[in-house]
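Hi there,

Here is the structure I promised to send over. Have a look at it first, and my notes follow below.

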Protein chains: 2
Amino acid sequence: MENINVVFGKRVKELRNQIKISQEKFANEIGIDRTYMTDIENGKRNVSLFIIEKIAKGFEMCLSDLLKGL
Amino acid sequence: MENINVVFGKRVKELRNQIKISQEKFANEIGIDRTYMTDIENGKRNVSLFIIEKIAKGFEMCLSDLLKGL
């Protein structure tokens, strides 16, 4: 089974592309560094619940919906 | 709004009590240290996605269900 952080990164990228927003703009909006955002989408970070919450808020989603299907 | 890790800790404690399993037994089953489990339930840890996944598996739940309502 794929590493959960890789799966999560793909999910974030897919959602971000759906709303047609750049990595840089999304990272700025939710208050994290762009390079960190790049690492998250590439599954290179073991993201914390704080970061997951920031991302969920950025997509105006609850945590449960953000992690649906993972 | 309450710190997301405090809210998550309460959720884990509630679920663990529902299945009537001790902190020690649950921590052993999912492969984390008991004191770490205590800290998680008390909201003292900024849990990672890896740990969240271990906990979800321990409850035989998907991540989305574990985080429902947070």
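How much area is buried between chain B and chain A? About 1600 Å², with carbon and sulfur atoms giving 69% of that; buried area here is the accessible area (1.4 Å probe) that two parts lose on being put together, summed over both. Please bear in mind that this is a predicted model, where local features need pLDDT of at least 70 and side-chain atom pairs count only at pLDDT 80 or more, while totals for chains, interfaces and linings use all residues. Residues are numbered from 1 along each chain, chains are lettered from A, and side-chain values use heavy atoms, without hydrogens and water.

Across the interface, 18 residues of chain B are in contact (heavy atoms within 4.5 Å) with 17 residues of chain A. On the side of chain B that touches chain A, the residues divide into 10 nonpolar, 5 polar and 3 charged; Ala, Val, Leu, Ile, Met, Phe, Trp, Tyr, Cys and Pro count as nonpolar, Asp, Glu, Lys and Arg as charged, and the others, Gly among them, as polar.

One residue I'd point you to is B:Asn5, which is buried (under 20% relative accessible area, 1.4 Å probe, protein chains only), at 3%. Leaving aside neighbours within four places in sequence, B:Asn5 is in contact with residues of chain A, A:Leu49 and A:Phe50, and with others of chain B, including B:Ile40 and B:Asn46.

Turning to B:Ile55, its contacts, again leaving aside neighbours within four places in sequence, include B:Phe8, B:Val12 and B:Leu66.

Best wishes

Methods
Buried < 20%, exposed > 50% of the residue type's maximum accessible area, 1.4 Å probe, protein only.
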